[in-house]
Amino acid sequence: MAARGCGGVWRRAWQRGAGGPGPGPGPGPSPRGQRAVACNAKGGEVPAGKSGLAPWIPVVGLEIHAQISSNSKLFSGSQVQFAAPPNSLVSFFDASLPGTLPVLNRRCVEAAVMTGLALNCSINKKSLFDRKHYFYADLPAGYQITQQRVPIAVNGSLSYNLCIDNKMSQMVTKTVRIKQIQLEQDSGKSLHDDTRSQTLVDLNRAGVGLMEVVMEPDMCCGEEAAAAVRELQLILQTIGSSQAVMAEGQLRVDANVSVHHPGEPYGVRTEVKNINSIRFLAKAVDYEIQRQIEELENGGTILNETRAFDSKLGCTVPMRDKEGKQDYRFMPEPNLPPLILYDTKSLPANMNHQQVINIDWIYERLPDLPSVKREKLVEQYGILPEHSFTLLNEDGLAEFFESVVKQTQMKPKKVIGWVLNDLLSYLKQQSLTVKESPVSSFLLADLLNLLEKKEISSSAAKQVLAELWKGEGKTPLEIVKEQKLELLQDQKELEQICQAVIDGQENE
């Protein structure tokens, strides 16, 4: 993601408003230092333009729902499976039949604790469950079990990186505060059949465990929001608390957007719901910022409403007015006791360790987070920091690279070029994942060994890689011999070839 876009959308809208619809000089592009201030979501002193009007300050906060990686649902034993036949994974509790009671899934609690620790949160040793009431066809009970009053984790932070002017070599690190992480149930899914004018309900997803990660409004543009969500996605996948596949609805983002002038209170915010793509998130936030600025400068008002992003039209569209908190009628969940967690100091000596969740035990088993992995890749292999980002952004690519390095005599700095420039290009062209690559790490290492031993040239190696990509089961050496791509090392043989060429010219 490029930090350059932060400020572009709302600055253009502000210039149009300041300069009027007709031709004429606007304030002109802001210097980079001024732009950085204008992008600060916390406000600050922002230089005024030539018209005397201060620029707008956008404010962006995110609520992210991550589906917990668990075999069963949060409060029932029903299996969790994507794309299962409709209503085939629904227990009596999921369907909210009278007399059924929730039983908390230990794995979901551990995943939430793990996520909280990875995001530098304080873990509440005592958290509570609440009922959030709202009525919809795919919510059979008429309420959702969540954690409104005392969530499982609070007061964390997430650091993420942005490129400056689209240059991977120039990156800036930013931090967004995490307000809280709470456990809650997912709802079912409504399938709207416009042809028959009816709505069908699939309850397979009802009751699936979610972690809602609530971020403070510390961002100021779509690119910052997208970069933060991408980093969160990598963290969740690394620690295994969520597969976070957005295409399968395992990571859904609600973006809260508002704009205001420096020194003024935050403006009325709108919420763009259920964004299921990082690219769409950036577009939705930037569009909404621009829409609000244009609306305000034309004398309109911003409604506190819920909107959706139409990816085909590239714009947000209104869904409904925002319900106030009082409409949800939050109340303590009477069928679930407080959730009690322990650390090593507070764990009673006579308690069975298998019946409790130990925060310290989970912390000790956390794997290296993406930021640590990047540092290790740079330190161990001497690659550039921007290369480490690319390796981790592609699922399985870092492991592929390290496997090649272990099997080849070529230096890692050279290997990284083949992996990122050649292999990754092939994968992108054919929309394949690293796991689907027809060229294994062993085959690539074998090819690079031939190149390192000077048995083939660099151009010949690229030809061999193209042949390997066909997946015909041949080794690099077999392809080299079949196509006679090896370099000639015998001086006498080279002299004979040269002499033959000379003799041929004389005969002509």
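In helix 11, Leu443, Leu444, Leu447 and Leu451 meet Ser458, Ala461, Val464, Leu465 and Leu468 of helix 12, contact meaning heavy atoms within 4.5 Å. By class, the residues of this contact are 8 nonpolar, 1 polar and no charged; Ala, Val, Leu, Ile, Met, Phe, Trp, Tyr, Cys and Pro count as nonpolar, Asp, Glu, Lys and Arg as charged, and the others, Gly among them, as polar. The model is predicted: local features need pLDDT of at least 70, side-chain atom pairs count only at pLDDT 80 or more, and totals for chains, interfaces and linings use all residues. Residues are numbered from 1 along each chain as its sequence is written, and side-chain values use heavy atoms, with hydrogens and water left out.

**Helices 11 and 12**
- Helix 11 (residues 441-452) and helix 12 (residues 458-468) pack at about 160 degrees, with axes 10 Å apart; helices (H or I, at least four residues) are DSSP runs numbered from the N terminus.
- Helix 11 is therefore roughly antiparallel to helix 12, a label for angles over 145 degrees, while under 35 is roughly parallel, 65 to 115 roughly perpendicular and the rest oblique.
- Axes are lines fitted to C-alpha atoms over the stretch in contact, and angles run from 0 to 180 degrees between N-to-C directions.

**Contacts of helix 4**
- The axes of helix 3 (residues 106-118) and helix 4 come within 10 Å and cross at roughly 130 degrees, which makes helix 3 oblique to helix 4.
- Met114, Thr115 and Ala118 of helix 3 make this contact with Ile235, Leu236 and Ile239 of helix 4.
- Helix 4 and helix 7 have axes that come within 9 Å and cross at roughly 90 degrees, so helix 4 is roughly perpendicular to helix 7.
- On the helix 4 side, this contact involves Glu231, Leu234, Ile235 and Thr238, and on the helix 7 side Pro370, Ser371, Lys373 and Arg374.
- The residues of the contact of helix 4 with helix 7 comprise 3 nonpolar, 2 polar and 3 charged.

**Second largest pocket**
- The second largest pocket has a volume of about 850 Å³, the space filled by probe spheres set on grid points joined across faces, edges and corners.
- A pocket is an open set of points on a 1 Å grid over the protein atoms alone, where a 1.4 Å probe fits, with protein on both sides within 12 Å along at least five of seven lines; lining residues have an atom within 4 Å of a point.
- Among the 33 lining residues, Arg230, Gln237, Asn393, Glu394 and Asp395 are the closest to the centre of the second largest pocket.
- Helix 4 gives the most to this lining, with 5 residues.
- The lining has 15 nonpolar, 11 polar and 7 charged residues.

Note on methods. Helix = DSSP H or I, 4+ residues; strand = E, 2+ residues; numbered from the N terminus.
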